[in-house]
Amino acid sequence: MSAILTNEESNNLYVTGYQQDGNGICVVDSSEHIVTINYGYYGNFLCKFDKSGKFIWSIANKFNSVLANKSSVACDLNGDIIITGIHVYDVDIYELTDINTNTSAFYKTLPVRSGNCGLYMVKYNSSGKAIWTNGLYMDTSAPIDQVLKPVSVIDGNGNFYLAAEIIGEYVHIYDTRNENTARQIVEIPNASVSNTILVKYNNNGILQWYTFISGVSGQPSICVDNRFIKGIDTNNVYLSGTYYNSTIDIYNGTSSGGPAYETYLNSINSNDIFIVN
């Protein structure tokens, strides 16, 4: 399960998680109002609450896999939300059609376009209407529940940063310019071990750049310097995680470590300069 407090003035809260069966999800908000969300299938759900903890609306995206239970959510200054989830089969995307009755309707189906698993992305506005969808896919022999693990953040300019732990030979990166053709097909540096991929998209879902952190790296976390809300234009994005090797390779540089588990913390400034710490 993942949650984020928005940076918009209303300070709404978004929570995303996984529904494993058709029994539904029981939501008890701060007013002790009970909402039963029953979509009748496996899927990722997204709930919106106001700053006092009262339930506003929910959406769920449907798929048929008990393994695809990792997701993340990010929000921009306008209240737009991007949810990222894992899927190994087609995923049916839904959007909200009536806030008052919490009614949603089918938007589109996203297939696994390449490989055998992937990350799907959906951008919604603050009213739960879908804006765009996106995908990143790979072919792996590793157990699906041990890879991907997405984390994400949106900076003050609306750029979307997605990081995930991956294992495999190639990653297929799509963007909103053409959902049916990969924008980049990239060889993963160390195919037999876990790597971390970091991808930047602009606010329209168009790929800006990507990089890898290799050297048996995983468990990424990501955040943005939120001081831009107070008028300080930093917009730095920070990525951290673990690695197990003598070195960890980032971009074109190398950061040395010991033979045991190590951690790293790196930052990307507003000029897309990667700073190794």
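This is a predicted model: local features need pLDDT of at least 70, side-chain atom pairs count only at pLDDT 80 or more; totals for chains, interfaces and linings use all residues.
Biologist: How many bridges join strand E15 to E16, and how do the two strands run?
Modeller: Strand E15 covers residues 170–173. In E16, Gln184 is the bridge partner of Ile173. The strands E15 and E16 run antiparallel, and the bridges joining them number four.

Biologist: Which strands are the edge strands of the open sheet?
Modeller: Six strands form this sheet, in the order E7-E8-E11-E12-E15-E16, with antiparallel pairing. The edge strands each pair on one side only. They are E7 (71–75) and E16 (184–187).

Biologist: What does the twist average from one strand to the next?
Modeller: The sheet in question is the open one, E7-E8-E11-E12-E15-E16. From one strand to the next, its twist averages 15 degrees.

Biologist: Which residue of E10 is the bridge partner of Tyr94?
Modeller: E9 (residues 91–98) has six of its eight residues buried. Seven bridges join E9 to E10 (residues 103–110), and the two run antiparallel. They form a hairpin with four residues between them, and Asn102 in the turn has a positive phi of about 55 degrees. The partner of Tyr94 is Phe106.

Biologist: Is Asn236 buried or exposed?
Modeller: Asn236 sits in the loop between E19 (217–224) and E20 (237–244). Beyond neighbours within four places in sequence, its contacts include Cys223, Asp225 and Ile268. The cut-off for buried is under 20% relative accessible area. Asn236 has 19%, so Asn236 is buried.

Notes:
Residues are numbered from 1 along each chain as its sequence is written. Side-chain values use heavy atoms; hydrogens and water are left out. Buried means under 20% relative accessible area, exposed over 50%, partly exposed in between (1.4 Å probe, protein chains only). Two strands pair if DSSP finds at least two bridges between them. Axes are lines fitted to C-alpha atoms, for helices over the stretch in contact, and angles run from 0 to 180 degrees between N-to-C directions. Contact means heavy atoms within 4.5 Å.
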